[in-house]
Amino acid sequence: MRFHKLVGSTLAATLLLAGCGSGDAAGGGTGENALPGAAEFLASPCPEPAVKPAGGGQVVYWSMWTADEPQGKVLQKALKCFQDKTGVKVDVQWLGRKAYTQNLVPALNTGTVPDLFDQDVSKVGAAIMTPGGTQGLDDVFGMKIGEGDKTVKDVLSPTSYDFPQNKDREGHSFLVPYEIQSSAWWYDKAKGGALGQPKTVDELAGLFDKAKADGKAAVSQDGDIPFYNMYYFTQLAERYVGAGGLAKAAQDPTGRAWTDVPGFREAAAQTARISKYFIDGWDAAKFPQIQQRWADGDARFLYVGSWAPSETREYLDKQGAGTKIDYGSFQFPMPPGATHDTVEQMSIGFAVPKKAKNADAAKAFIAYFLNKGNLAGIPAVADNLVPRPDLAVPDDLKPVKTVLDDQKKEHVLQYDGIDAIAGGTWQTDVFDPADTALLKGQLTPEAFVAQLAQKSAAFWKSQH
């Protein structure tokens with residue numbers, strides 16, 4: 001996730017922004033690496049809305065995207081269509097990834113909040129829902145989207161919204177998804193051919209050893225992004241403890257779960273093994289330098305989210321050298337003794353603040369955006385996945401989508417939601433320092449789980 005410049009009317013500073021799905025917004029799906037159908041979508045006619053708020057009205061929308069990102073371009077088109085078709089005036093501010101903390105959280109105690117905002121479900125849950133700042137959106141799931149009698153609920157995959165971390169205190173869903181993300185090991189099939197799914201960590205290490213034998217670094221890793229560093233331990237640990245297991249350990253007030261559950265130490269051991277293959281300078285560079293080195297072919301593998309093709313395409317467009325990547329991907333293999341065949345997912349979507357003045361119009365737009373005539377822009381322009389099973393899947397993401405659709409897999413919210421615990425402070429105060437030290441070889445696996453146990457207990461004691 002990325003560095004972006006804020007272009008909203010209220011912010012002009014360049015900030016470190018945690019986002020997903022796009023680089024620094026050069027071509028936005030229109031450069032030499034543009035996807036087939038991107039230009040056609042942006043020029044396509046507007047679908048008809050099923051819900052038109054009486055008397056028009058206004059929607060104030062604070063977006064997690066910037067206007068020139070691919071997702072921003074898709075949303076701009078839909079917002080203009082909605083305004084033209086319904087008469088609802090749309091006031092959008094393209095604030096970027098930190099809008100929810102730097103703009104919305106401070107605004108919750110005032111009378112000035114947007115009617116609509118978007119973010120991933122964990123961040124909304126941690127920063128906005130927990131202090132009571134969101135409305136329940138169960139009624140939106142029953143709204144028609146402009147495709148006959150189809151409703152929002154009819155077209156969305158249940159796993160995209162029906163899970164515990166998308167429920168408020170009253171049990172109502174507070175976020176309606178429009179984009180789904182997962183993660184994978186990425187490589188260029190043009191440089192060595194397609195690879196099968198490694199069945200064990202030993203097989204994965206064998207791929208890394210072959211890369212080194214070929215004179216390449218094995219793994220690109222942008223070590224200045226804390227939640228990129230989280231991937232390895234959390235992915236492996238989830239396979240030992242299953243959905244909810246990491247979150248349960250993180251919230252154990254004694255901290256003893258970290259040392260009492262053998263799978264955590266074993267996951268740490270496998271993490272330490274992988275980190276030895278990281279590219280030189282991984283912990284000293286500034287994002288996106290290391291990811292760009294992967295795109296340039298300096299390293300064979302990259303582990304990040306399903307936005308990897310979109311971001312690296314934009315980088316290659318900027319280089320203007322005609323370079324292309326034939327994207328291949330596979331999942332983390334099962335570590336020794338693990339029994340949970342998991343796949344991670346993250347829902348990004350819309351939420352409505354409790355104090356919204358125009359909630360009805362905001363909800364009408366949510367339903368409208370999920371019309372296939374609008375939502376098709378996410379795969380077509382932004383090269384990302386959507387929660388509608390009936391829409392196109394970008395070729396690069398078909399292996400990821402196949403895994404997400406596998407009913408035999410145990411679905412887990414990304415990082416098991418530990419990044420949302422205590423408003424995100426458990427991660428920053430307890431997990432990140434230990435995780436970084438483990439990856440750098442400064443903590444043994446035994447010392448890693450011991451530090452988590454000690455620091456977690458101290459953290460929860462300080463919360464009382």
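The model is predicted, so local features need pLDDT of at least 70 and side-chain atom pairs count only at pLDDT 80 or more, while totals for chains, interfaces and linings use all residues. Residues are numbered from 1 along each chain as its sequence is written, and side-chain values use heavy atoms, with hydrogens and water left out.

**Helix 12**

Helices (H or I, at least four residues) and strands (E, at least two) are DSSP runs numbered from the N terminus. Helix 12 spans residues 308-319, and its 12 residues reach 17 Å from the first C-alpha to the last. The expected value is 16 Å at 1.5 Å a residue, taken as 1.5 Å times one less than the number of residues. Of the 12 residues, 10 are buried. Buried means under 20% relative accessible area, exposed over 50%, and partly exposed in between, with a 1.4 Å probe and protein chains only. The buried residues include Ala308, Pro309, Tyr315 and Leu316, and also Glu311, Arg313, Glu314 and Asp317. Just after helix 12, Gly320 has a positive phi of about 65°.

**Helices 17 and 18**

Helix 17 (residues 425-439) packs against helix 18 (residues 445-462) at an angle of about 165°, with the axes 10 Å apart. Helix 17 is therefore roughly antiparallel to helix 18. Axes are lines fitted to C-alpha atoms, for helices over the stretch in contact, and angles run from 0 to 180 degrees between N-to-C directions. Angles under 35 degrees count as roughly parallel, over 145 as roughly antiparallel, 65 to 115 as roughly perpendicular and the rest as oblique.

Contact means heavy atoms within 4.5 Å. On the helix 17 side, the residues that meet helix 18 include Trp426, Val430, Phe431 and Leu438; among their counterparts in helix 18 are Phe448, Leu452, Phe459 and Trp460. By class, the contact has 11 nonpolar, three polar and three charged residues. Ala, Val, Leu, Ile, Met, Phe, Trp, Tyr, Cys and Pro count as nonpolar, Asp, Glu, Lys and Arg as charged, and the others, Gly among them, as polar.

**Two glutamines**

Gln197 lies in the loop between strand 7 (183-188) and helix 6 (201-213), whereas Gln427 is in helix 17.

| Residue | Relative accessibility | Class |
|---|---|---|
| Gln197 | 37% | partly exposed |
| Gln427 | 7% | buried |

Beyond four places in sequence, Gln197 touches Glu203, Phe330, Gln331, Phe332 and Pro333. The C-alpha atoms of Gln197 and Pro333 are 7.4 Å apart, although 136 residues separate them along the chain. With the neighbours within four places left aside, Gln427 is in contact with Pro226, Phe227, Met230, Ile418, Asp419, Asp432 and Pro433.
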